[in-house]
Amino acid sequence: MVDLSTRTRPDHNLKNDPVDIKSLVRPLSLFFFFSLMNETKSIHFTIKTIEKLKKLKPGSDLNGMMIKFATELFLKNENTEVYITKNVGEFWVLPRDLELGPWKEFHKKISKKELVSLLWGLVIKIPETEILKALDVSQGTHRFRVASALKKLGSNTFLLK
């Protein structure tokens, strides 16, 4: 079961052993949950990414590879249907006050690359330097995408009130 009601930062000094890889389940679950908005695919893609990370050589940059693998899976995903409801399936525990309506509307207005930058940087809180390296983008590009995403999310949230 993935509990999305608490926020903890992933360990950024990972060494690529099974214990370290398990610590990536939460950030991956968050990334896929909020990017795909599809419970089944979120679980499937989290497992698929973990399996790829387990195959890396010891000492690999797990956070960087996590970002890279997960982002590639998300960007290749063609499904645009949203399946998340207030009564999320048995595998997810959402905070009681979480309102997904604005997030669903937000998905219709945002580019996938903006969403990726927003999620890794502000939702999952991976350090910017790791995101830039993993996504191979400049700081300006990343910050522009985050700012654009926040602007769209903000305007969307105000429209729904």
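Helices (H or I, at least four residues) and strands (E, at least two) are DSSP runs, numbered from the N terminus. Lys-52 lies in one such run, helix H3 (residues 39-54). The model is predicted: local features need pLDDT of at least 70, side-chain atom pairs count only at pLDDT 80 or more, and totals for chains, interfaces and linings use all residues. Residues are numbered from 1 along each chain as its sequence is written, and side-chain values use heavy atoms, with hydrogens and water left out.

The chain holds eight helices and two strands. Their order from the N terminus is β-α-α-α-α-β-α-α-α-α. Of the 161 residues, 47% are buried. Buried means under 20% relative accessible area, exposed over 50%, and partly exposed in between (1.4 Å probe, protein chains only). The chain exposes about 9300 Å², with carbon and sulfur atoms supplying 57% of it. Accessible areas come from the Shrake-Rupley method with a 1.4 Å probe; for residues, only the protein chains shown count as cover. Among contacts (heavy atoms within 4.5 Å) between residues at least 6 apart in sequence, 73% join residues at least 24 apart.

Three salt bridges are present. Each requires a side-chain nitrogen of Lys or Arg within 4 Å of a carboxyl oxygen of Asp or Glu. Lys-152 and Glu-114 form one of them, at 2.9 Å from N to O. Lys-152 lies in helix H8 (residues 139-160) and Glu-114 in helix H6 (residues 112-123), so this pair ties together parts 38 residues apart in sequence. Glu-114 is buried, at 7% relative accessible area. Lys-152 is partly exposed, at 24%.

Arg-143 pairs with Glu-128, again in a salt bridge, with the closest N and O atoms 2.9 Å apart. This pair links distant parts of the chain, with Arg-143 in helix H8 and Glu-128 in helix H7, 15 residues apart. Arg-143 is partly exposed at 47% relative accessibility. Glu-128 is partly exposed at 24%. Helix H7 (residues 128-135) has buried residues too, including Ile-131, Leu-132 and Leu-135. Asp-136 follows H7 and has a positive phi, near 55°.

In the salt bridge between Glu-72 and Lys-68, the closest N and O atoms are 3.9 Å apart. The two residues are four apart in helix H4 (residues 62-76), and about one helical turn separates them.

Lys-48, Lys-52, Lys-55 and Lys-76 gather in a surface patch of positive charge. Patches are made of residues with over 30% relative accessible area and no salt bridge; like charges are joined within 9 Å, and nonpolar side chains (Val, Leu, Ile, Met, Phe, Trp, Tyr) within 5 Å. Lys and Arg count as positive and Asp and Glu as negative, while His and the chain ends are not counted. The place of a charge is NZ of Lys, CZ of Arg, CG of Asp or CD of Glu. Lys-52 is partly exposed, at 34%.
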